[in-house]
Amino acid sequence: MRNRQDRLTALLMLMPTFILLGIFVYFFLGKTIYYSTTDWGENPSQPALSENVIRQNIGLQNYQNLMTDIIQAMFRNSLTNMFFFFVFFVVGSVAVGLLLTIILDQKIVAETFFRTIFLSPMALSFVVTGTIWRWLLQPDGGLNYLPTVFGLEPFHFNWMNSQDVWFQFTWDKVPQYLTFVGFAILALLAVRRVLRQDWRSASFMSALAGIVILIFAAGVWDRIWLPLDVPEAEPSIAPKGFNAALVGVIIAAIWQMSGYVMAIFTAGLRGIPEDLREAAQVDGCSNLKVYTHIILPQLRPFVISTIIILGHTSLKIFDLVFAMSGPDNARTVMPGILVYTKGFRQNSFAQASAIATIVLLLVIITAVPYLYVQLRHHE
Amino acid sequence: MKRHLILFAAILAFLLMIGGVTAQDGVLEIFSWWAGDEGPALEALIALYNMRYPDVEVINATVTGGAGVNFRAVLKTRMLGGNPPDSFQVHAGQELIGTWVIANRMQDLTWLYEQEGWFGVFPQGLIDQLSYEGRIYSVPVNIHRAGVLWYIPDQLAEWGVSVPTTLDEFYSVCADLQTRGITPLVIGEAWTVIHLWDQVALSVLGADGYDALWTGGLSPAGSEMIAVWDAFGRVLDCTNLHQNAAGLSWQQATDLLVAGDAAFNVMGDWVAGYLSTTLGLTPGEDYGWADFPGTEGVFTWLSDTFGLPVGVPNEAAAVEWLRLLGSLEGQNAFNPLKGSIPARVDAVEAVPELYNAYLQYTADEWAKDRLVGSMMHGVVANERFMGDFNQVLDIYIQSRSSAGAASAMEAVCIQAGACGY
Amino acid sequence: MNDTHFSGAKFRHYTLRTTLYILLIVGTFVFLLPIFVVVNTSLKDPAAINLATTWRLPAQFHWQSYAEAIEKFGPRIWNSITLVTNATLLSAVIGSLNGYVLSKWRIAGERFLFPLILLGLFIPYQGILIPLFEFMRDARLYGGIPGLIIIHTIYGLPITTLIFRNFYIEIPDEMLEAAAIDGAGFWDIYTQIVFPLSVSGFVVVIIWQFTQIWNEFLFAVTMTTGAAEPITVGLAQLAGGEAVQWNLPMAGAVIAALPPILVYLILSRYFIRGLLAGSIKT
């Protein structure tokens with residue numbers, strides 16, 4: 001099939017994308033990373049907006065400041081906010097999207113009408129969406145008073161004003177948690193491969209798990225995390241954890257995106273003609289149990305797409321949070337907002353670039369190995 | 001299939017021909033964040049300009065949203081990219097000087113002041129905040145007052161409460177109102193809290209102390225500042241900070257005042273515009289105002305100004321724009337619609353009928369009060385400081401430690417090159 | 001005996017259907033609640049817009065909001081339409097080709113190519129605004145819609161590629177092998193097999209790109225000036241000013257939401273099961 005000329009054509013078809021992304025993504029990214037190693041905006045004798053501003057290289061100092069300086073506590077808050085937002089937003093959207101998909105897969109009257117309704121939240125501009133949710137989540141009005149329509153007691157949740165922090169932890173314990181989670185995941189993967197008698201993969205996974213423990217035990221983290229002098233006073237200033245104020249943002253985000261998750265899953269279900277699917281697998285009988293056994297495997301690749309799409313949305317989330325709680329609410333601040341305000345409001349361009357780079361690094365560290373494994377499986 | 005592709009390509013080519021921008025002569029680009037209810041004021045100025053210079057096309061470029069962050073993003077991107085607008089709006093003080101002037105992005109306008117005889121017309125305190133090393137860099141078009149104490153007289157009478165004139169009086173009024181379930185002082189989202197802090201600092205330090213803080217005469221971590229944070233904590237206890245403040249815009253906070261859920265509100269005089277124009281209330285009767293407790297005779301000001309960037313394409317037209325801005329007609333065309341007072345001290349008395357009761361009162365105060373620049377609105381501290389000050393405020397609110405907040409503030413001052421460092 | 005068995009199944013069937021419809025109606029209510037507030041607010045007089053009265057209907061319908069909103073950003077609708085149509089179609093087509101290559105063709109270094117493309121998804125727009133602006137100025141593309149089309153097409157490529165690639169993986173390889181044996185090459189396979197099966201993929205991609213580009217603000221406000229601005233800029237200006245009169249931006253938002261919703265309505269038809277059944281001769 002795949003003769004050489006065709007394979008060349010295939011490669012050439014990808015080239016425009018690569019050239020364009022090479023400039024618009026990688027070249028710009030390179031500039032951003034370069035800026036993050038300079039003192040642009042940090043040097044009072046070199047005003048940030050000068051025409052030929054002299055940027056001096058200061059290495060990783062911006063990163064060090066961001067991770068340890070007490071003034072940058074908001075950045076560290078934004079990292080934990082981003083993490084918890086990501087987890088609950090993705091889980092919530094997938095759950096709701098799946099529910100909607102299954103319901104609408106049941107030969108409903110006026111299916112198109114309902115589908116459009118569930119998609120419509122995405123159509124609204126974020127300024128308006130954020131404002132509306134802000135109004136709805138006012139403690140003295142909106143959603144809290146909805147039960148009164150049914151004669152029940154109103155809620156008393158503070159929503160965006162809440163100062164509660166759930167799942168509290170202190171910043172210096174993060175290496176321990178990371179080690180634990182990393183070890184658990186790798187151990188589970190190893191066990192799965194053992195069960196499949198895939199000894200090579202299993203030993204590879206076990207070795208990785210061992211390395212993770214070794215890194216922790218050898219005190220490598222102590223060199224990178226603790227000596228950066230994480231302010232121990234910080235726990236008393238702002239306990240880190242899942243800020244309850246985020247719940248409102250998560251709900252608004254799920255509201256906006258679960259319709260699209262439904263669209264992806266439905267496309268996955270309906271996209272490939274049924275006779276083709278059934279030809280490629282053993283056919284079963286058509287009761288509810290088997291329905292479930294066919295749906296989930298069919299949707300698995302689409303769940304991955306969905307997680308990536310929702311994931312990138314949550315990493316870059318900006319517009320919604322900006323409109324809902326403004327740029328200065330420490331309980332709901334996100335890295336995307338900080339890049340914007342630090343850069344354009346404060347002229348701290350180097351810091352803003354560093355924040356953007358850190359987020360990108362987090363993505364690379366977590367997503368790329370996962371993708372690499374997935375792609376290997378495909379072959 | 002091929003035919004469709006050709007058709008598609010043709011449509012595409014046609015559609016792509018639309019758009020694109022060519023530079024023109026006889027153009028003036030004014031870049032501001034005024035839109036919505038602030039739009040008519042600027043449009044009146046532009047109309048006046050067009051009467052004098054009918055062959056110049058004025059482009060009213062506004063970028064709104066994000067409380068000015070979007071405006072700054074576009075402006076700074078353009079400036080760094082070498083595409084400055086002919087004139088842009090900027091707050092007087094460190095926001096102008098600390099960002100643009102020391103970066104050598106603005107042209108000297110002292111000659112214009114001399115030509116127009118503006119030295120006697122703008123208060124010296126204002127001119128000082130437009131100058132750097134003896135040269136003046138922008139033209140102020142209006143003055144807003146920050147930190148005014150707003151209340152509804154009928155409600156205060158109903159509660160048997162009088163307007164406090166010192167912080168101690170405020171604390172006792174506060175205790176009284178709280179027992180009755182009324183919020184003594186209503187605040188909104190983060191920046192309104194900074195706005196309040198400004199006034200508390202002014203009240204505790206006095207006008208001279210406040211000035212000294214920003215010019216290096218008072219240490220941000222010293223005992224006076226610790227007293228400021230202590231007082232601020234007591235004032236915060238009298239607010240709705242932990243109930244519903246985070247999600248309230250300043251208008252919504254004002255709505256609570258009007259609805260009788262709160263007694264006082266500390267906000268700039270754009271509240272007067274909102275109460276009079278949007279809600280139709282009468283100044284002096286339906287709503288009242290006073291100096292923040294402990295700040296009698298002090299006027300906390302902020303000013304919108306326009307300057308002349310370096311290397312603009314239409315310099316002559318821009319200079320005429322600035323000339324118009326500083327003129328009597330210009331200021332009196334703009335300010336009544338904007339709901340602010342002219343920066344010129346002689347403007348209101350020329351046509352007092354254009355200004356309502358509140359504005360006339362404020363104009364009188366502007367001419368005789370002790371002037372103090374607002375920190376929240378960019379007069380006395382630069383943009384870097386103001387961005388990081390949010391963090392200082394959050395540290396205080398979380399820890400309630402005055403010492404912690406004071407030392408954090410000192411660190412911010414040093415990093416930002418503000419407070420005289 | 002027969003009767004009870006028969007009615008038992010029917011009873012289960014009807015309760016199931018009823019539950020489904022109840023869930024749907026509750027879901028509709030939940031999803032439309034905020035939209036109701038938008039529409040409700042857009043019809044109120046500015047003075048009557050208050051947190052306390054969020055749920056109350058307006059005393060009289062203030063239709064002027066819509067007229068005013070249209071007057072203020074109407075001229076820009078054409079800019080947005082041009083922008084969105086071109087950028088969506090371009091990024092969809094290129095993404096489809098990319099997805100086809102990445103899912104069905106073995107190329108050197110393929111395992112790295114896909115993640116490299118995908119990384120483009122995670123670029124924060126705020127972070128690269130300044131380099132992007134400088135580039136657009138140097139390329140003389142600053143200020144107009146063509147430049148914005150190019151920007152949105154390029155930044156849309158990672159996600160369109162992702163969606164199409166994961167979508168095309170589901171097409172059984174045997175189909176392509178069969179066509180190859182019959183002598184089909186790269187393009188023939190695409191036009192005869194892959195493209196006709198892409199309908200759902202295009203639906204998902206078009207929904208996403210249309211919405212994202214239609215509502216995108218940051219690039220729109222930075223990269224265009226004056227008459228070339230898209231409607232998101234006009235919308236933001238409606239919400240500008242010191243004392244925002246919320247009826248205007250709400251009305252504007254309703255108007256601005258209509259084109260995407262129209263697109264959803266049209267595309268939702270393509271989710272109908274069996275649209276392509278029997279279209280492929282196996």
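How many residues of domain 1 of chain C are in contact with domain 2 of chain C, and how many residues of domain 2 take part? In this predicted model, 11 residues of domain 1 of chain C are in contact with 11 residues of domain 2 of chain C, two residues being in contact if their C-beta atoms, placed from the backbone, lie within 7 Å.

## Basis of the description

The model is predicted: local features need pLDDT of at least 70, side-chain atom pairs count only at pLDDT 80 or more, and totals for chains, interfaces and linings use all residues. Residues are numbered from 1 along each chain as its sequence is written, while chains are lettered from A and ligands numbered from 1 in the order in which they are written.

## Domains of chain C

Chain C is assigned domain 1 (2-65) and domain 2 (67-271); such bounds come from an automatic or database domain assignment. The centres of the two domains of chain C, taken over C-alpha atoms, are separated by 31 Å.

On the side of domain 1 of chain C that touches domain 2 of chain C, helix H1 (2-42) and helix H2 (64-73) of chain C are the elements that give two or more residues. Helices (H or I, at least four residues) and strands (E, at least two) are DSSP runs, numbered from the N terminus. H1(C) gives the most to this side, with 4 residues. By residue class, the side of domain 1 divides into 5 nonpolar, 5 polar and 1 charged. Ala, Val, Leu, Ile, Met, Phe, Trp, Tyr, Cys and Pro count as nonpolar, Asp, Glu, Lys and Arg as charged, and the others, Gly among them, as polar.

## Contact between chains C and B

The contact involves 37 residues from chain B and 32 residues from chain C. On the chain C side, at least two residues each are supplied by helix H3 (77-104), helix H5 (129-138), helix H6 (145-168), helix H10 (218-223) and helix H11 (231-238) of chain C. H5(C) provides the largest share, 5 residues. The side of chain C that touches chain B comprises 16 nonpolar, 13 polar and 3 charged residues.

## Enclosed elements of chain B

Strand S3 (residues 87-91) of chain B is largely enclosed by the rest of the structure, because 5 of its 5 residues are buried. A residue is buried if 20 or more other C-beta atoms lie within 10 Å of its own, exposed if 12 or fewer, and partly exposed in between, with C-beta atoms placed from the backbone. Ser87(B), Gln89(B) and His91(B) lie on one side of S3(B), and Phe88(B) and Val90(B) on the other. Strand S1 (residues 27-32) of chain B runs parallel to S3(B), joined by 2 bridges, and Ile30(B) stands opposite Ser87(B). Strand S13 (residues 304-307) of chain B pairs with S3(B) in the antiparallel sense over 3 bridges; strands pair if DSSP finds at least two bridges between them. Thr305(B) in S13(B) is the bridge partner of Val90(B).

Helix H11 (residues 250-259) of chain B is also largely enclosed, since 8 of its 10 residues are buried. Among them are Trp250(B), Asp255(B) and Leu257(B). The cover over the buried residues of H11(B) includes strand S8 (148-151), strand S9 (183-186), helix H9 (190-215), strand S10 (262-267) and helix H12 (270-278) of chain B. Just after H11(B), Gly260(B) takes a positive phi of about 90°.
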